[in-house]
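Colleague: I am new to this structure and would like to learn how to read it. Where should we begin?

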Amino acid sequence: MLNKGLRDEEKIRIDNVLKTLRTLVFVPQPLRNTQKENIENQLKDFGLNIETLVQHSNEDLIDLLVRCHLDFDHLEQFADFLLELSKTEEYNFQEKALALYQYIQLKSNVFSFGINTKIASAKAKKQ
């Protein structure tokens, strides 16, 4: 278990990685090699790259992210990132994002209208 100071530092580090990831994929177009490289560099902090992100099952991805100390807010931000990345031609991470949203809703023991809306939206996009 991390002490308070280390938890705060870890939370700030994760926040920074997620903010950077979100800014890298804001335009729905094919990713340039430099964008992919930047995304890969940020994903390394979670022991991932784009290829392993594709290969991981939903459950394995959730387990990995939880082991990397992502809290529910971080998991939601990561799912949002996956949806943004799915807008590019090359990738479809909607299933993984949906699984993350559902995990948050189930495990947080708090009903969130925001998460519920994201679940409904992800399901609609999937169909």
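Modeller: One aromatic cluster is made up of Phe46, Phe78 and Phe81. Keep in mind that this is a predicted model.

Colleague: How many aromatic pairs are there?

Modeller: Two rings count as a pair when their centres lie within 6.5 Å. The count comes to 5 aromatic pairs. One of them joins phenylalanine 46 and phenylalanine 78, edge-to-face, at 5.9 Å centre to centre with 85° between the planes.

Colleague: Which parts of the chain does that pair link?

Modeller: Distant ones: phenylalanine 46 sits in the loop between helix 2 (33–43) and helix 3 (50–55), while phenylalanine 78 is in helix 5, 32 residues apart. Phenylalanine 46 and phenylalanine 78 are both buried.

Colleague: Are phenylalanine 111 and phenylalanine 113 buried or exposed?

Modeller: Phenylalanine 111 and phenylalanine 113 are both exposed. They also form an edge-to-face aromatic pair, 5.0 Å centre to centre and with 85° between the planes.

Colleague: What span should helix 5 have?

Modeller: At 1.5 Å a residue, the 15 residues of helix 5 (residues 72–86) should span 21 Å. The end C-alpha atoms of helix 5 are 21 Å apart, which agrees.

Colleague: What is found at the start of helix 5?

Modeller: There, a side-chain oxygen of aspartate 71 comes within 3.2 Å of the backbone nitrogen of aspartate 73.

Technical notes
Residues numbered from 1 in each chain as written. Predicted model: local features only at pLDDT ≥ 70, side-chain atom pairs only at ≥ 80, totals over all residues. Heavy atoms only, no water. Helix = DSSP H or I, 4+ residues; strand = E, 2+ residues; numbered from the N terminus. Expected span 1.5 Å × (residues − 1). Polar contact = N/O pair within 3.5 Å; in protein donor to acceptor, adjacent residues only side chain to side chain. Phe/Tyr/Trp six-rings, centres within 6.5 Å; stacked < 30°, edge-to-face > 60°. Buried < 20%, exposed > 50% of the residue type's maximum accessible area, 1.4 Å probe, protein only.
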